[in-house]
Amino acid sequence: MFKMQIDWKLKSFLYSVLGHLPSGTLYAVQRYVTGRSKVRATAISPNWLFHEENLINSGSKRLIEFGAGKSLIQNIYLSKLSIEQTLVDLFRMVDIDQVNDAIAALIALDVDIDGRPVNSLEDLKNFYGIDYRAPVDMRNTKFESDRFDICISTNTLEHISEPDIRAILAELFRILKPGGRISAKIDYSDHYAHTDKKIGGMNFLQYSAEQWQRHNHDNHYQNRLRHGHFKKLFDESGYLPNKAKAADYEENIPAHLNENILCHDGDDAALSGYFDLQVPN
């Protein structure tokens with residue numbers, strides 16, 4: 001399938017322009033021009049399987065996720081486990097048309113889900129056990145303490161600033177039960193490399209904070225934290241590591257890196273991280 005390629009600095013400029021246009025403009029461009037928002041699922045994602053394994057192994061039945069996206073395809077997939085899912089976003093992101101595209105894609109993959117199309121958030125909850133809520137600030141959710149068994153997160157934490165990550169982890173520590181889990185997959189790659197194959201996944205690690213700020217727009221924010229940084233964040237927040245795996249190491253490493261933003265622990269070139277964490281009992 002053809003994927004649009006665009007020079008990363010040009011894309012950065014376009015994000016800057018879109019950031020000054022009315023809310024929803026970026027999504028409209030992604031949906032109707034670039035096709036980046038379309039649901040594409042020709043196989044079961046390893047990310048879904050990672051979370052599914054952690055859910056089954058922990059016996060979790062009540063889940064929370066933040067940053068679930070527009071199609072909720074991962075959550076529709078996990079609905080086959082008959083769990084209660086609460087999905088939250090800082091702004092409403094869910095798109096019912098994309099949800100139905102996701103349902104159709106999973107049926108085509110023979111996933112054992114309900115299969116009925118949805119017309120509303122009420123249908124989503126009644127058919128698939130998914131309670132979508134927005135706006136909800138994950139730094140202060142207002143949920144009661146010890147409510148959830150597990151939090152899952154996929155390719156979201158790399159888009160959040162370090163202070164806000166610390167605040168989210170503190171809030172999760174409160175709303176997860178003792179012994180509760182966090183199942184997180186993090187994408188450490190330069191996301192501009194996803195649509196510009198002339199650069200590698202570590203491209204953004206070359207620049208100073210001031211240089212990178214010119215390209216790090218609010219609507220395409222990347223914190224540039226490495227695997228070691230996240231390990232430290234989770235440890236300092238009080239979580240116990242059942243699993244902390246770095247993966248997908250970049251081979252095309254730039255000649256000059258900003259030494260001040262690296263961990264120097266052997267995992268700086270990792271482009272993915274998988275974490276299974278636990279709240280102490």
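Is Phe 173 buried, exposed or partly exposed? At 32% relative accessibility, Phe 173 counts as partly exposed, where buried means under 20% relative accessible area, exposed over 50% and partly exposed in between, with a 1.4 Å probe and protein chains only.

Before going further, a word on the ground rules: this is a predicted model, in which local features need pLDDT of at least 70 and side-chain atom pairs count only at pLDDT 80 or more, while totals for chains, interfaces and linings use all residues. Residues are numbered from 1 along each chain as its sequence is written, and side-chain values use heavy atoms, with hydrogens and water left out.

## Overall picture

The protein holds nine helices and seven strands; helices (H or I, at least four residues) and strands (E, at least two) are DSSP runs, numbered from the N terminus. For 281 residues, a compact globule would have a radius of gyration near 19 Å, and the protein agrees with its 19 Å. That radius is taken over C-alpha atoms, and the globule rule is 2.2 Å times the number of residues to the power 0.38. The C-alpha trace spans about 50 × 45 × 35 Å along its principal axes.

Of the 281 residues, 51% are buried. Among contacts with a separation of 6 or more, 75% join residues 24 or more positions apart, a contact being heavy atoms within 4.5 Å.

## The sheet and its helices

Seven strands make an open sheet with mixed pairing, in the order E3-E2-E1-E4-E5-E7-E6. Strand E3 (130-133) and strand E6 (240-249) stand at the edges with a single partner strand each, so one side of each has no neighbour in the sheet. From one strand to the next, the twist averages 15°. Two strands pair if DSSP finds at least two bridges between them. Strands of a sheet pair through backbone hydrogen bonds, either parallel or antiparallel.

Strand E5 (residues 176-187) and strand E7 (residues 270-278) pair in the antiparallel sense over seven bridges. Asp 187 has Ser 272 in E7 as its bridge partner.

Helix H3 (residues 46-58) lies across strand E1 (62-66), strand E4 (148-154), E5, E6 and E7, and runs at about 165° to E5. Helix H7 (residues 162-175) lies across E1, E4 and E5, at about 145° to E5. For these angles, axes are lines fitted to C-alpha atoms, for helices over the stretch in contact, and angles run from 0 to 180 degrees between N-to-C directions.

In H9, the residues His 227, Gly 228, Phe 230, Leu 233 and Phe 234 are buried. The buried residues of H9 pack against H7, E5, E6 and E7. Just after H9, Gly 238 takes a positive phi of about 100°.

## Aromatic pairs

A search of the whole structure finds 13 aromatic pairs. Rings of Phe, Tyr and Trp (its six-membered ring) pair if their centres lie within 6.5 Å; planes under 30 degrees apart count as stacked, over 60 as edge-to-face and the rest as tilted. Here are two of the pairs:

| Pair | Centre distance | Plane angle | Class |
|---|---|---|---|
| Phe 173 and Tyr 239 | 5.3 Å | 75° | edge-to-face |
| Tyr 192 and Trp 212 | 6.1 Å | 80° | edge-to-face |

Phe 173 lies in helix H7 and Tyr 239 in the loop between helix H9 (227-236) and E6, so this pair ties together parts that are 66 residues apart in sequence. Tyr 239 is buried, with a relative accessible area of 2%.

Tyr 192 sits in the loop between E5 and helix H8 (209-213) and Trp 212 in helix H8, so their pair links parts 20 residues apart in sequence. Tyr 192 is buried at 0%, and Trp 212 is buried at 3%. Trp 8, Tyr 192, Phe 204, Tyr 207 and Trp 212 form one aromatic cluster.

## Around helix H1

Ser 12 has its place in helix H1 (residues 8-18) and counts as buried at 2% relative accessibility. Leaving out residues up to four places away in sequence, Ser 12 touches Tyr 192, Arg 214, His 215 and His 217.

Tyr 15 is also found in helix H1 and is buried, with a relative accessible area of 8%. Tyr 15 and Asp 187 are 172 residues apart in sequence and 20 Å apart in space, C-alpha to C-alpha.
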